[in-house]
Amino acid sequence: MLVDLHVHLRGTLVREAVLALADRNAISIPSSVLSQARYGWYDFASFLKAYDLITSVVRSAADLEIVTSSYLQRCAAVGGGYVEFMLSPPDLARTGVPFPEQLKALEAAADRAAEEWGIHSRLIATAVRHLGPKAAIAAAHMATSIRSDMIVGFGLTGDEHRYEVGEFAEAFRIARAEGLRTTAHAGEHRPAETVLEAIETLGLDRVGHGVRAIESPHVTRQLAEAQMPLEVCLRSNLALGLYASIAEHPIGRLADADCTIVLGTDDPGFFDTDLAEEYGLALKAHPSLGIGRVSGAAIAAAFCGEPTKAVLGDMLARRQLGDA
Ligand SMILES: [Zn+2]
């Protein structure tokens with residue numbers, strides 16, 4: 001049983017869904033973008049541009065439900081059993097979908113997916129770093145304005161180069177005070193030390209990416225000692241040019257250093273990946289990174305409650321025995 005702990009909900013959009021939603025919402029997406037592999041992006045700046053364009057097709061709560069269901073169905077089909085989606089509540093609130101409606105759509109998709117495809121899911125509400133600390137506080141207030149079993153975490157996404165991480169401490173304090181668990185992108189585009197800084201400043205339970213920790217033996221050791229889960233997204237790192245090949249990716253060295261590795265697809269619609277591909281690559285990179293080690297760590301690191309973790313533990317044990 002495979003677990004996806006790092007996936008941006010709107011980043012799951014595949015071509016057919018983009019076409020269907022663009023048609024339904026009368027949004028024109030240039031066919032030159034849709035006909036190209038990976039929506040035509042070729043570097044980080046063009047990736048962000050393509051991302052804004054493609055994700056603009058998601059307008060309503062019904063759209064959100066379709067996108068969520070569609071990913072969960074595809075993920076279950078390749079062996080997925082649990083997904084934590086990231087979504088920034090203010091993004092869709094701006095297009096007229098209040099957060100309670102976003103949550104209802106996610107809950108409806110999650111319930112259906114659990115029943116029909118045996119895959120469970122939760123939400124991590126996120127703030128977008130390059131929109132600044134004030135917007136992050138607004139996102140934290142929105143995320144904590146409603147109680148639901150669906151929402152389990154608060155995260156920070158976006159451009160690591162913008163703002164100091166300490167400027168987001170207040171947003172994370174608000175989220176943690178309401179019982180949300182936390183993660184933030186760090187150590188993807190910036191050096192090792194920024195990973196420790198983010199953990200300490202924001203009070204993180206997990207780190208998004210964190211792979212550049214390998215550049216500092218001190219940071220790597222601290223992460224291993226703290227058993228801090230790193231949400232590693234291999235295809236994303238390769239596609240964005242962080243590493244030229246899987247052989248050069250540090251996941252194996254991080255595993256050798258006893259770091260806690262969990263996996264994610266990041267933006268599977270943009271990186272032509274899925275969860276089975278990520279697990280396959282991890283195993284290729286290091287023989288110890290099989291389903292048992294990675295999914296066991298992911299269940300322990302998941303932000304859902306203990307009853308769901310027990311269900312996932314049973315699913316993992318059964319599927320490891322080849323019984324499901
Ligand atoms: Zn990400």
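**View 1. Asp-258, in the loop between helix H12 and strand S8.** Asp-258 is partly exposed, with 13 other C-beta atoms within 10 Å. Partly exposed is the class between buried (20 or more other C-beta atoms within 10 Å of the residue's own) and exposed (12 or fewer), with C-beta atoms placed from the backbone. The residue sits in the loop between helix H12 (251-256) and S8. Asp-258 is not a glycine, yet its phi is positive, at about 70 degrees. Most residues other than glycine have a negative phi. The model shown in these views is predicted: local features need pLDDT of at least 70, side-chain atom pairs count only at pLDDT 80 or more, and totals for chains, interfaces and linings use all residues. Residue numbers start from 1 along each chain as its sequence is written. Helices (H or I, at least four residues) and strands (E, at least two) are DSSP runs, numbered from the N terminus.

**View 2. Asp-266, in the loop between strand S8 and helix H13.** Asp-266 lies in the loop that runs between S8 and helix H13 (268-271). Phi of Asp-266 is near 65 degrees, a positive value in a residue other than glycine. Asp-266 is buried, with 29 other C-beta atoms within 10 Å.

**View 3. The open sheet of eight strands.** The strand order is S1-S2-S3-S4-S5-S6-S7-S8, with parallel pairing. Strand S1 (2-8) and strand S8 (260-263) are at the edges, each with a single partner strand, so one side of each has no neighbour in the sheet. From one strand to the next, the twist averages 25 degrees. Two strands pair if DSSP finds at least two bridges between them. Strands of a sheet pair through backbone hydrogen bonds, either parallel or antiparallel.

View 4. Strand S2 (residues 80-87) pairs with strand S3 (residues 120-128) in the parallel sense over six bridges. The bridge partner of Glu-84 is Arg-122 in S3. Helix H4 packs on the sheet, where it touches S1, S2 and S3, and its direction makes about 150 degrees with that of S2. S3 also pairs with S4 in the parallel sense, over six bridges. Here Val-128 stands opposite Thr-157 in S4. Six of the seven residues of strand S4 (residues 151-157) are buried, so S4 is largely enclosed by the rest of the structure.

**View 5. Helix H4 against helix H6.** The axes of helix H4 (residues 61-77) and helix H6 (residues 99-117) come within 8 Å and cross at roughly 30 degrees. That makes H4 roughly parallel to H6. Angles under 35 degrees count as roughly parallel, over 145 as roughly antiparallel, 65 to 115 as roughly perpendicular and the rest as oblique. Axes are lines fitted to C-alpha atoms, for helices over the stretch in contact, and angles run from 0 to 180 degrees between N-to-C directions. Residues of H4 in the contact include Leu-64, Thr-68 and Leu-72, and those of H6 include Ala-105, Ala-109 and Trp-117. Contact requires C-beta atoms, placed from the backbone, within 7 Å. The residues of this contact of H4 with H6 divide into 11 nonpolar, four polar and four charged.

**View 6. Helix H15 against helix H16.** Helix H15 (residues 291-301) and helix H16 (residues 306-320) pack at an angle of about 175 degrees, with their axes 10 Å apart. H15 and H16 are therefore roughly antiparallel to each other. Among the residues that meet are Ile-291, Ser-295 and Ile-299 in H15, and Leu-312 and Leu-316 in H16.

Key: Contact = placed C-beta atoms within 7 Å. Nonpolar A, V, L, I, M, F, W, Y, C, P; charged D, E, K, R; others polar.
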